[in-house]
Amino acid sequence: MTPFTFNTSPSIRFGAGMIANLGDIVRAEIGTRVLLVTDPGMMATGIVDRVCDVLRTAEVDVVLYADVQADPPEAVIEAATQAAQTGSVEGVVGLGGGSSLDVAKLAALLATGQQNLSDVYGVGNARGPKLPLILIPTTSGTGSEVTPISIVTTGKSEKMGVVSPVILPEIALLDPDLTLGLPPHVTAATGIDAMVHAIEAYASASPNNNPVSRSLAKEALRLMGGALERAVTTPDDIAARTDMLLGSMLAGQAFANSPVAAVHALAYPIGGHFKVPHGLSNALVLPHVLRFNAVTSPEPYAEIAACAFPALEGLASQAAASAFIEAMQDLSKRCGLQQHLRDVGIAQDDLPLLARDAMNQTRLLVNNPRPLTEADALAIYQAAW
């Protein structure tokens, strides 16, 4: 067997109602003064007030930073870091979607004052130490609570990653009750995002593609393939929400160690230039990237087809791969997501810019099962338009 490395959050606490234990967990793992990182949308849900009440009941002081933006720019990271430093906190709690969790990771790292943000971009450049960190996802999408990755928007539209096991949280706390209020469109987009994580992790050309990641990806697709549409159409279905949150986490563990590829590489410029939510950006290019890959590498998609869609069991390799791609596109459509780049305000004249920018995502493109050129990227965007 080829040697591999597998890293994940050292402690995972999962279950409905788990948030009630947060105060005791924080006192045991961090102390009595924490930075709580979240966003304005979360503030409007009442969940932040609920979390603050739990912490204050346990006599934990809360310094609140609630200005996280989607696709967070560097200024947000710096502001959250400053809030941690001026607040003299002992640790950080991230609450929300992937953007809030990513900001919390970097605030915990940079608050120690040992490194600057510009020093930690890339793979393995974040060295620590960091403050103790607890991450609490409220969407079933990014899996950020178990990934050693934080994505930052640099300049006007480009995204860069901080990749290091140092930024993994000490504890990932997952409570499906916190996802019950997620709107259908957000549920759909984040759910497809999580399924993309599993798909790309399984098919990744990374030398660290490994049997643990592949097993987790299959189970993630089994859970989410059976639950996503139910979670979208019946928002209070706690069983569907539970399967989605667990599936998202498993997919996060998978791609954190067997990295994603061209779907994400082509999605990032869409979000960067046109402020399209990340999950929807993935959904828009997903079937077209998979069709491109399946020309030379249908096997991975054939192997996972029946995990997500049991009716596809028994098909031959190329047929299974094609049916899987169609089923993913149909699931996206049934969940109410836009299907074309033109549906989100992107003009045909914008496509060459997207293709050029996608080629900057070399960290991701090297993992694609089929080599992809700028001309290929442009053709994929044209198919998605």
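**Group meeting: a predicted protein model**

Good morning. I begin with Pro129, which sits in the loop between strand E5 (122-123) and strand E6 (133-137). The peptide bond leading from Gly128 into Pro129 is cis, its omega being near 5 degrees. Helices (H or I, at least four residues) and strands (E, at least two) are DSSP runs, numbered from the N terminus.

A word on the source. This is a predicted model, in which local features need pLDDT of at least 70 and side-chain atom pairs count only at pLDDT 80 or more, while totals for chains, interfaces and linings use all residues. Residues are numbered from 1 along each chain as its sequence is written, and side-chain values use heavy atoms, with hydrogens and water left out.

Now the overall form. The protein contains 16 helices and 9 strands. Its radius of gyration is 20 Å, close to the 21 Å that the globule rule gives for 385 residues, so the protein is as compact as a globular protein of that length. That radius is taken over C-alpha atoms, and the rule is 2.2 Å times the number of residues to the power 0.38. The C-alpha trace spans about 60 × 45 × 40 Å along its principal axes. Of the 385 residues, 59% are buried; buried means under 20% relative accessible area, exposed over 50%, and partly exposed in between (1.4 Å probe, protein chains only).

What share of the contacts with a separation of 6 or more comes from residues 24 or more positions apart? The share is 77%, where contact means heavy atoms within 4.5 Å.

Apart from neighbours within four places in sequence, Ala80 is in contact with Leu35, Tyr65, Val103 and Ala107. Ala323, by comparison, is 243 residues from Ala80 in sequence and 45 Å away in space, C-alpha to C-alpha.

I turn to charge. Side chains of opposite charge can pair when their charged atoms come close. The structure holds 9 salt bridges, each being a side-chain nitrogen of Lys or Arg within 4 Å of a carboxyl oxygen of Asp or Glu.

One of them joins Arg33 to Asp61, with the closest N and O atoms 3.9 Å apart. Arg33 belongs to strand E2 (residues 33-37) and Asp61 to strand E3 (residues 61-65), so this pair ties together parts that are 28 residues apart in sequence. Arg33 is partly exposed at 31% relative accessibility, and Asp61 is partly exposed at 44%.

Another links Lys159 with Asp71, where the closest N and O atoms are 2.8 Å apart. Lys159 is in strand E8 (residues 158-163) and Asp71 in the loop between E3 and helix H4 (74-86), so the pair connects parts that are 88 residues apart in sequence.

Finally, two backbone angles. Asp71 has a phi near 50 degrees, a positive value in a residue other than glycine. Glu59, in the loop between helix H3 (47-57) and E3, has a positive phi near 60 degrees. Glu59 is exposed, with a relative accessible area of 60%. Thank you.
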